[in-house]
Amino acid sequence: MTANHRLSLPPARRWCRLLWVFWMVIVPLIAQEFTLLDALDDFPRYQRRSGISGSVNSVGSDTLNNLMALWGEGFRRRYPSVNFQVEGKGSSTAPPALMEGVAQIGPMSRLMSKDELDAFRQKMGFLPTAIPVALDALAIYVHNQNPLVSISLPELDAAFSVTHRGGLDRRLETWSDLGVTGVLGRYPLSLYGRNSASGTYGFFKMAALFGGDFQPRVKELPGSAAVVLSVSLEPASMGYAGIGYRAEGVRALHVSKDQGLPAVAPVAHRVVDGEYPLGRALYIYVVKPPSEMLPAVVEEFVQFILSYEGQRIVVKSGYIPLPRDVANTYRRAF
């Protein structure tokens with residue numbers, strides 16, 4: 001099923017559907033944003049320092065790309081002489097950029113692997129410093145005309161993987177295998193995901209495929225925005241991307257840890273309390289030799305991210321701010 005062969009609803013049902021989406025999806029999201037902004041009231045406001053200048057280059061995660069750009073804009077408004085550049089081709093590009101001195105900031109949507117840490121220590125003589133900067137719900141997106149409401153991790157595994165480590169011993173191939181009836185049920189699952197350079201790819205592989213392998217029919221795309229766009233144009237499709245990339249034309253499924261267990265919405269309090277099974281932290285890595293200070297411009301950028309102003313950008317971007325105690329701990333560390 002392609003963009004030229006969309007499922008169509010009668011006008012009356014279409015209006016009912018739009019009203020349902022507004023009251024059940026849009027209104028709760030607006031309420032959640034106001035709640036999250038209220039929760040930031042106890043965060044310290046950022047205090048501008050004098051004498052901050054230089055360059056900050058960020059190389060790494062696509063998931064964090066928009067956040068890094070917005071943080072950079074907010075930082076430069078306070079320090080116009082700072083040059084800020086962002087490149088987001090995937091989390092795996094961060095470690096080499098940090099080691100080679102190409103970047104001072106390495107955003108990653110996962111922690112560095114053992115191999116990446118070993119390579120860093122071998123070259124630099126010490127380990128990089130990881131700083132959590134936001135929380136994310138890795139969302140499972142379907143077209144907004146798709147009636148499916150929820151999916152389990154074993155079902156995701158059976159749809160996306162060839163290894164089936166989640167417990168289902170059969171491959172899910174059509175929408176009817178997920179309980180969808182009608183015309184859509186007869187169509188094969190059209191699956192979208194990220195490429196192997198992405199931290200989102202690695203996180204989904206571990207959390208949803210139980211460390212297994214993707215099947216060849218999963219179409220790998222270089223960016224999260226491309227995944228969401230593809231799903232919005234193809235009613236028989238499903239894909240995964242960070243909740244900050246939610247857009248018109250798609251809907252995020254509720255996810256359960258196993259079949260028969262309650263499915264959980266990808267919303268802030270369910271991520272914070274650990275109930276949403278695809279919740280994760282987002283990080284930046286910096287190069288900080290032992291017993292040395294970070295460069296002043298990098299230290300101030302970290303302080304800005306962990307302040308009220310920085311975490312407000314997190315909320316406005318559709319992500320979830322850090323718990324105050326976590327932000328305070330890392331802010332005091334620099």
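**Exercise 1.** Determine which elements the buried residues of α5 pack against, and state how many of the residues of α5 are buried.

*Solution.* Begin with the partners: the buried residues of α5 pack against β4 (129–143), β5 (150–152), β6 (190–194), α7, β8 (237–242) and β10 (254–256). These elements are DSSP runs numbered from the N terminus, helices being H or I with at least four residues and strands E with at least two. Contact is taken as heavy atoms within 4.5 Å. The model is a predicted one, in which local features need pLDDT of at least 70, side-chain atom pairs count only at pLDDT 80 or more, and totals for chains, interfaces and linings use all residues. Residues are numbered from 1 along each chain as its sequence is written, and side-chain values use heavy atoms, with hydrogens and water left out.

Next, list the helix itself: L153, P154, E155, L156, D157, A158, A159 and F160 are buried. Buried denotes under 20% relative accessible area, exposed over 50%, and partly exposed in between (1.4 Å probe, protein chains only). Eight of the eight residues of α5 are thus buried, so the helix is largely enclosed by the rest of the structure.

**Exercise 2.** Characterise the packing of α2 with α10.

*Solution.* First, the geometry: helix α2 (residues 65–78) packs on helix α10 (residues 296–305) at about 110 degrees, the axes being 10 Å apart. Axes are lines fitted to C-alpha atoms, for helices over the stretch in contact, and angles run from 0 to 180 degrees between N-to-C directions. Angles under 35 degrees count as roughly parallel, over 145 as roughly antiparallel, 65 to 115 as roughly perpendicular and the rest as oblique; α2 and α10 are therefore roughly perpendicular to each other.

Second, the residues: M68, W71, G72, G74, F75 and R78 of α2 meet V297, E300, F301, F304 and I305 of α10. The residues of this contact divide into seven nonpolar, two polar and two charged (Ala, Val, Leu, Ile, Met, Phe, Trp, Tyr, Cys and Pro count as nonpolar, Asp, Glu, Lys and Arg as charged, and the others, Gly among them, as polar).
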